Amino acid sequence: MTSENTLDDEDTFKILIATDIHLGYLEKDAVRGNDTFNTFDEILKCAKQNQVDFILLGGDLFHENKPSRRCLHSCISLLRKYCMGDTPILFDVLSDQAVNFSNSKFPWVNYQDENLNISIPVFSVHGNHDDPTGVRSVAKVSLIQLKPQKHMSVSLYVTLPLSSPLQADGLCALDLLSSAGLVNHFGRSQSVERIEISPVLLQKGSTKLALYGIGSIPDERLYRMFVNNQVTMLRPKEDQDQWFNLFTIHQNRSKHGATNYIPEQFLDDFLDLVVWGHEHECLINPSRNEQRLFYVTQPGSSVATSLSPGEAVKKHIGLLRVKGRKMNLQKIPLHTVRQFFIQDLVLSEHPDLFNPDMPKVNQKVEAFCQEKVEAMIEEAERDRLGNPLTPEKPLIRLRVDYSGGFEAFNATRFSQKFVEQVANPKDVVHFIRQKEYKAKVKGEEDVDFGQLLSHSSTEGLRVEDLVKEYFQTAEKTVQLSLLTEQGMGKAVQEYVDKEEKDAIEELIRYQLEKTQRHLQQRGVLTEEEIDQEIRRFRESKKNTAEEDEEVQVALNRAKAHRKERGDAPEDLDLSDEPDFSMDSDEDSAPPPPTRGRGRGGRGRGQTTARRGKGAAEPKPAGRARSQKASVVNPTQGRNIMDAFQAPPQRPSRGAVAAKSYTDEITIDDDSDDVSFVKPASRLTPASRPTQRASSSSSSSSRRGSQSQSQSYRGVTFDDDDDEV
């Protein structure tokens, strides 16, 4: 770069950003076992070659909460190789480091440790895979048929524990690297009631950078906390308009359910750039949020953890330059990433080639699919020529829609033809089939089950999402009186995920007992008063910590009863199964003729961890229990007054103001040169031109306490894929 030396001066921050590296993914695979380590080596080498000030990681550095010794050893070796040395650090930390790194035994930035020689500091938040609490990740390892009504069924994603249960010490692999002085782990929150995000304040020359971060939190919980104004982003008291505000988050960005994601509009509008982790599709070019007026960059994963279209996008990392309130983001392609090609084939769209009534149509379809796969292999070989860093065997996926009367051929036998040519010989072809559902059934005119269970509405949903949507849609005719949709959904999920047969029954019993105690305390007598008080009591618990606690208590009771009976444990040991992955697009049941396991899950990874606070309560003496899997309704055959007689005594359980915004954006597609744009001169109210409606309209504040005028920013980013 001709102008690099002049622009990368003492006032310019150079930051390498990357997310979702997933070290250790498929490390036992003979072909793909070293992919994550090779790419991490390339990322760190790129940081050293560009002489960056620090590296910013957006979570999921490791694929497992408890990585193997080989994985930890490789990570530590690479960090020591590239990030330790005598190169001086040219920026200072101005904030209270005891607050920024409060969870560390050494609460200060690693390069200021007198016992260490750090040349490139690494700042990282944790993701859902390397969460300190041993979070459960979503993996679609099987398809469960849930039948709300006899006439229909729907395939759903299920969640399985991919790591250890809640750990008492609350440590993760990042904490080990932090104690070793190799990584600065920040953005970790201890409270489940309120979050205060305190920035790491950095200064290089005249440039001031406020680095915010929040590690992975279950999306539903964080969504609820944002709605209830329980998330606060602290700001420097002095010279707020002079800070460049950079925020790193690791959550669902795309909507996978009603509350199973974090809308960009939830974030504060004083931010300048948001680095979004957890989503695996590479969308690294900054996109502007027109409502909050900040930019979002999504680097995506550096390894394909599922064979889905989002993973087929070319992988990049970003080189971010910040000077004053202006930024430039240059995307850098990763050459060590294994190639991935995916195509969709809809058989019904080729009537000129074959139809279901043709003789030996299966052989013709298989031959046609073989031609498609061979064409993708040839394309991969052409693209790989001239790049010795790219692995030889590509990932190939052909998704075949055999709707319209076609039959699936043997996928395993087909895939074996390409054992020596592809890196995924077990699952080259994947069959899908669109399903149709009847819209209505006699006697259910008010519930549109066809719309409720359509393919588009269930794609990516979990069990509790469907239960909640079902009862919301059927509210007029099938209304829950005692249970909440969220509580019922979690109980159903526990039954589906871990075959906890007593989960639903125990939840109903516990909710009934608690409601009975509440009614006795309130002293209600008439049936009308009971109905009104039940509704108020039910609504008061919705989306609160009390509701989560009730569900956890019921589940603990169910587990205790199961252990008394000596049933098999509910947790599945998946530690030796390397093929479970995230971010899957596979949303249909496999055809009967094929064999083998499904792959993937939603990689972008829905987080469904439960961090319940309830402890198992003792079982009342003399209470009979049913050993059946079906749900037992404790009020069946009784009127409402009889149902609420006194139960056996049990121990009780203790607005952002309107703002002006001026952007000067330069997009340079052909040159690597970085040109920082001078800020526009501040306009007086009399001379300020009319702004666009999207940037000048007033918005109500979530805090109600902050009011600020958006400062002027200059933004440039390069689209050139040449390595710097």
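In which sense do strand S9 (residues 200-204) and S10 pair, and over how many bridges?

A: This is a predicted model, in which local features need pLDDT of at least 70, side-chain atom pairs count only at pLDDT 80 or more, and totals for chains, interfaces and linings use all residues. Residues are numbered from 1 along each chain as its sequence is written, and side-chain values use heavy atoms, with hydrogens and water left out.

S9 and S10 pair in the antiparallel sense, over five bridges. Strands (E, at least two residues) and helices (H or I, at least four) are DSSP runs numbered from the N terminus, and two strands pair if DSSP finds at least two bridges between them. Opposite lysine 208 in S10 stands glutamine 203. The hairpin of S9 and S10 has two residues between the strands, and glycine 205 there takes a positive phi near 60°.

S10 spans residues 207-214, and eight of its eight residues are buried. Buried means under 20% relative accessible area, exposed means over 50%, and partly exposed lies in between (1.4 Å probe, protein chains only). In a regular strand the side chains alternate between the two faces of the sheet. Both faces of S10 are covered: one side holds Thr207, Leu209, Leu211 and Gly213, the other Lys208, Ala210, Tyr212 and Ile214, and all are buried.

S10 also runs parallel to strand S12 (residues 243-250), to which seven bridges join it. Isoleucine 214 has isoleucine 249 in S12 as its bridge partner. S12 in turn pairs with strand S13 (residues 273-277) in the parallel sense over five bridges, and leucine 246 stands opposite leucine 273 in S13.

These strands belong to an open sheet of seven, in the order S3-S9-S10-S12-S13-S15-S14, with mixed pairing. Its edge strands are strand S3 (92-93) and S14, each of which pairs on one side only.

Helix H6 (residues 219-227) has eight of its nine residues buried, so the helix is largely enclosed by the rest of the structure. The buried residues of H6 are Asp219, Glu220, Arg221, Leu222, Tyr223, Arg224, Met225 and Phe226. Asparagine 229 follows H6 and has a positive phi, near 55°. Asparagine 289 lies in the loop between strand S14 (283-288) and strand S15 (295-298), and at 5% relative accessibility it counts as buried. A polar atom of the asparagine 289 side chain lies 2.8 Å from the backbone nitrogen of arginine 292. A polar contact is a pair of N or O atoms within 3.5 Å; within protein, one must be able to donate a hydrogen and the other to accept it, and residues adjacent in sequence count only if both atoms are side-chain atoms. Neighbours within four places in sequence aside, asparagine 289 is in contact (heavy atoms within 4.5 Å) with Glu264, Gln265 and Phe294.

Elsewhere in the chain, an open sheet of three strands has the order S18-S19-S20 and parallel pairing. Strand S18 (340-346) and strand S20 (429-432) stand at its edges with a single partner strand each, so one side of each is left without a neighbour in the sheet. Strand S19 (residues 395-401) pairs with S20 in the parallel sense over four bridges, and leucine 398 has valine 429 in S20 as its bridge partner. Arginine 397 is also placed in S19 and counts as buried at 1% relative accessibility. Its side chain reaches the backbone oxygen of aspartate 427 at 3.2 Å.

The structure holds 17 aromatic pairs. In one of them, phenylalanine 409 and phenylalanine 431 are edge-to-face, 5.0 Å centre to centre and with 80° between the planes. Rings of Phe, Tyr and Trp (its six-membered ring) pair if their centres lie within 6.5 Å, and planes under 30 degrees apart count as stacked, over 60 as edge-to-face and the rest as tilted. Phenylalanine 409 is in the loop between S19 and helix H8 (411-415), and phenylalanine 431 is in strand S20, 22 residues apart. Both phenylalanine 409 and phenylalanine 431 are buried. Ring pairs also link Phe13, Phe54, Phe91, Tyr111, Phe123 and Phe186 into a cluster.
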